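Colleague: I would like to go through this model feature by feature. Please give the general idea each time, then the case at hand.

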Amino acid sequence: MARIKRAVNAAKKRRKIFKLAKGYWGAKSKLYRAASEQVMKSMAYAYVGRKLKKREYRRLWIARINAGARICGTNYSKLIHGLKVAGVEVNRKVLADLAITDMNAFNELCNVANKALEQ
């Protein structure tokens, strides 16, 4: 049976880790074991961060919609419920953008929501 030589594969593996660890401080970018541990940790943080980012943006959109709704004389929950009753399908990202950039359009949506709640 032929013996297995891993020199090329091992070098590729190390090179991949060092490429991911570029910019880390001290041994974390110079020594393989430290770099490998830090890269694994960083990947875990990045995975969690991608999930948290979605939550953070939703919170931001809700805060902006609530601020705009209060200017129009209602609040966030009544606005969302009214839009749902009226059959207006517009997501929170677009609503938040309207609250900031086009207050007239946002005000019209508030009026539609209020009329739907009155009926």
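Modeller: We can start with the pocket. A pocket is an open set of grid points with protein on both sides within 12 Å along at least five of seven lines, and its lining residues have an atom within 4 Å of a point. Keep in mind that this is a predicted model.

Colleague: Which residues line the largest pocket?

Modeller: The lining consists of Ile-80, Leu-83, Lys-84, Gly-87, Val-88, Glu-89, Val-90, Asn-91, Arg-92 and Leu-95. Two elements, α4 (76–86) and α5 (92–101), each give two or more residues to that lining.

Colleague: Which element gives the most to the lining of the largest pocket?

Modeller: That is α4, with 3 residues.

Colleague: What is the volume of the largest pocket, and how do its lining residues divide into nonpolar, polar and charged?

Modeller: The volume is about 160 Å³. The lining of the largest pocket has 5 nonpolar, 2 polar and 3 charged residues.

Colleague: Take Ile-80 from that list. Is Ile-80 buried or exposed?

Modeller: The cut-off for buried is under 20% relative accessible area. Ile-80 has 17% relative accessibility, so Ile-80 counts as buried. Ile-80 is placed in helix α4. Between the C-alpha atoms of Ile-80 and Asn-66 there are 9.8 Å in space, with the two residues 14 apart in sequence.

Colleague: Where is Gly-87 found, and is Gly-87 buried or exposed?

Modeller: Gly-87 sits in the loop between α4 and α5. The cut-off for exposed is over 50%, and Gly-87, with a relative accessible area of 53%, is therefore exposed. From Gly-87 to Ala-116 the sequence separation is 29 residues, and the C-alpha to C-alpha distance is 9.0 Å.

Colleague: Val-88 is also in the lining. How far apart are the C-alpha atoms of Val-88 and Val-112?

Modeller: They are separated by 8.8 Å, for residues 24 apart along the chain. Val-112 belongs to helix α6 (residues 103–118). With 35% relative accessibility, Val-112 counts as partly exposed.

Colleague: Now the charged pairs. How many salt bridges does the structure hold?

Modeller: Side chains of opposite charge can pair when their charged atoms come close. The cut-off here is a side-chain nitrogen of Lys or Arg within 4 Å of a carboxyl oxygen of Asp or Glu. The structure holds 1 salt bridge. Its partners are the side chains of Arg-59 and Glu-56, at 3.8 Å from N to O.

Colleague: Where do Arg-59 and Glu-56 lie?

Modeller: Both are in helix α3 (residues 32–71), 3 residues apart, which is about one turn of the helix. Arg-59 is exposed at 59% relative accessible area, whereas Glu-56 is partly exposed at 46% relative accessibility.

Colleague: One more surface feature. Which residues form the nonpolar patch?

Modeller: A nonpolar patch joins side chains within 5 Å whose residues have over 30% relative accessible area. Here Tyr-47, Val-48 and Leu-52 form one on the surface, and together they have about 280 Å² of accessible area. Tyr-47 is in helix α3. At 48% relative accessibility, Tyr-47 is partly exposed.

Technical notes
Residues numbered from 1 in each chain as written. Predicted model: local features only at pLDDT ≥ 70, side-chain atom pairs only at ≥ 80, totals over all residues. Heavy atoms only, no water. Helix = DSSP H or I, 4+ residues; strand = E, 2+ residues; numbered from the N terminus. Buried < 20%, exposed > 50% of the residue type's maximum accessible area, 1.4 Å probe, protein only. 1 Å grid on protein atoms, 1.4 Å probe; cavity = no way out; pocket = protein on both sides within 12 Å on 5 of 7 lines; lining within 4 Å. Points joined across faces, edges and corners; volume = space filled by probe spheres on them. Nonpolar A, V, L, I, M, F, W, Y, C, P; charged D, E, K, R; others polar. Patch = residues over 30% accessible without salt bridge, like charges linked within 9 Å, V, L, I, M, F, W, Y side chains within 5 Å. Areas by Shrake-Rupley, 256 points an atom, 1.4 Å probe, with all protein chains shown as cover.
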